[in-house]
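Please look over the sequence and the three-dimensional structure below before reading on. The paragraphs after them are meant as a guided first reading.

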Amino acid sequence: MTDALREPTFLILTALAARPQHGYGILRDVEEISGGRVLLRAGTLYTALDRLSSDGWVVIDREEVVDGRLRRYYRLADQGAARLAAEVERLRANTRVAEQRLRARPIGGTA
Amino acid sequence: MSEREQRYRRLLALYPRDHRTQHGEEMLDVLMASGGDGGRPGWKDTTDLLWGAFRLHLRRAVGADGGIDPRGVLAIVSLLGPISILAGATSSVHEVAWWVRAGALREMSLWTHAPDTPVWFVWLAVAVLAVFGRRWAAAIGAWIGTIGLVLVATVSQRSWLWAYAEAGWVLLGAVTAVALTLSPGPARGRELAGRAPVLVMAATVVMAAAIGVLGHREPLADAARLVVLVVGAAVATGIGARVGRRAALVLLVPVMTVAIEAVVVPLAFRPNGTVTALIFYGVPLVVLLTLGGWPRGVRREPDQPVT
């Protein structure tokens, strides 16, 4: 059984799930995915990318030069996609149980 | 260059070198794009960057990123280990020198006073063989030397000494023998180590031995000897590179056991032989494993990893 992903990790993997993105793009996407609740900063993002890359979950997709600056795009590796899918399933199972328990809850709560 | 960029660059300079090389400019772009128009970084960005730098240094210190080729570390140890271990002969050199000065060398019993002497000649031969690229002959010699050190530590008349700080030389001998057997060899070690590694390590050993012999049992001399060994190992292995730092950590196992003795002996803690062996042989091994001194395997994925 694997540990639950921390939220920033979950959001970074989610941001990269559909398409490769560069660092700034990941920051903005994480903000959007979380409805503005999670604002990642560069230090946190690149520390996470360092760990995710050494785990083989994220890899470099390509590099582009934009306005004389190097822009590096990251993408989700197969291993990262499998880990994200496992986390989604874990959250889904928890959510299902939580919904069932809430439906079973007596109206007005217990005394 | 704006003041804000200058300040970001100063903060990014705190990151591990390999990370700066790989991601420094990229991070700067992200920071400049997302940091607003202020003249200096906000406290949240500053804190976040400092925390990130600390975590990345910590990951590298414990080898958690797997970014070190263990064969490279062992290659450096295979070249410098046989030289470095010769510093362990200091006590015996001092003992022989004392008998020579007393004009009573003929009365000296090697088995009683310096039973490890023949073993150091074996290691001297191993060092010469390793330096001249005779790797397999050096490996065989290193195993013989290691067995010799184990015998000195277990059955000689001075074995009690080897249960304490001297245990580091036995451990270093064993690791060096493994390195000579399994690594790409001393030639590769020479490519990976610092500048003039053999010369620096040889000079270190001579200096450390001279200090140890001339200042025998003098606390200041003992401390100076350790400093020389640490600095020499750091320069010879090339601590500018991560592989060099890991190799230096392995070569400094004898310093580690001296440090353990300095902590344990004043406690008036007198454990039995098994516990003593566990402390002086087990703790350095655990430290090497946990701090990454004993290299971990590099994960090989079908995709190219980022770092």
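What follows goes from the sheet of chain A to its helices and then to chain B.

This is a predicted model, in which local features need pLDDT of at least 70 and side-chain atom pairs count only at pLDDT 80 or more, whereas totals for chains, interfaces and linings use all residues. Residues are numbered from 1 along each chain as its sequence is written, while chains are lettered from A and ligands numbered from 1 in the order in which they are written.

Helices (H or I, at least four residues) and strands (E, at least two) are DSSP runs, numbered from the N terminus, and two strands count as paired if DSSP finds at least two bridges between them. In chain A, three strands make an open sheet with antiparallel pairing, in the order β1-β3-β2. Its edge strands are β1 (21-22) and β2 (58-66) of chain A, each of which pairs on one side only. Strands of a sheet pair through backbone hydrogen bonds, either parallel or antiparallel.

Between β2(A) and β3(A), the latter spanning residues 69-76, there are eight bridges in the antiparallel sense; V58(A), for instance, has L76(A) as its bridge partner in β3(A), and I60(A) has Y74(A). These two strands, β2(A) and β3(A), form a hairpin with two residues between them, and D67(A) in the turn has a positive phi of about 55°. The pairing of β1(A) with β3(A) is also antiparallel and runs over two bridges, and here Y74(A) is the partner of Q21(A).

Helix α1 (residues 7-17) of chain A lies across β1, β2 and β3 of chain A, at about 95° to β3(A); such angles run from 0 to 180 degrees between N-to-C directions, with axes as lines fitted to C-alpha atoms, for helices over the stretch in contact.

Helix α2 of chain A (residues 23-33) has G23(A), I26(A), L27(A) and V30(A) buried, a residue being buried if 20 or more other C-beta atoms, placed from the backbone, lie within 10 Å of its own. They lie on the same side of α2(A) because they cover an arc of only 100° around the axis, the arc being that of the directions from the helix axis to the C-beta atoms. The buried residues of α2(A) pack against α1, β1 and α3 (42-54) of chain A, together with α2 (17-34) of chain B. Just after α2(A), G35(A) takes a positive phi of about 65°.

Chain B has 16 helices and zero strands, and buried residues make up 45% of its 307 residues. Among its contacts between residues at least 6 apart in sequence, 77% join residues at least 24 apart, where contact is taken as C-beta atoms, placed from the backbone, within 7 Å.

Terms used. Contact = placed C-beta atoms within 7 Å. Buried ≥ 20, exposed ≤ 12 C-beta atoms within 10 Å, placed from the backbone.
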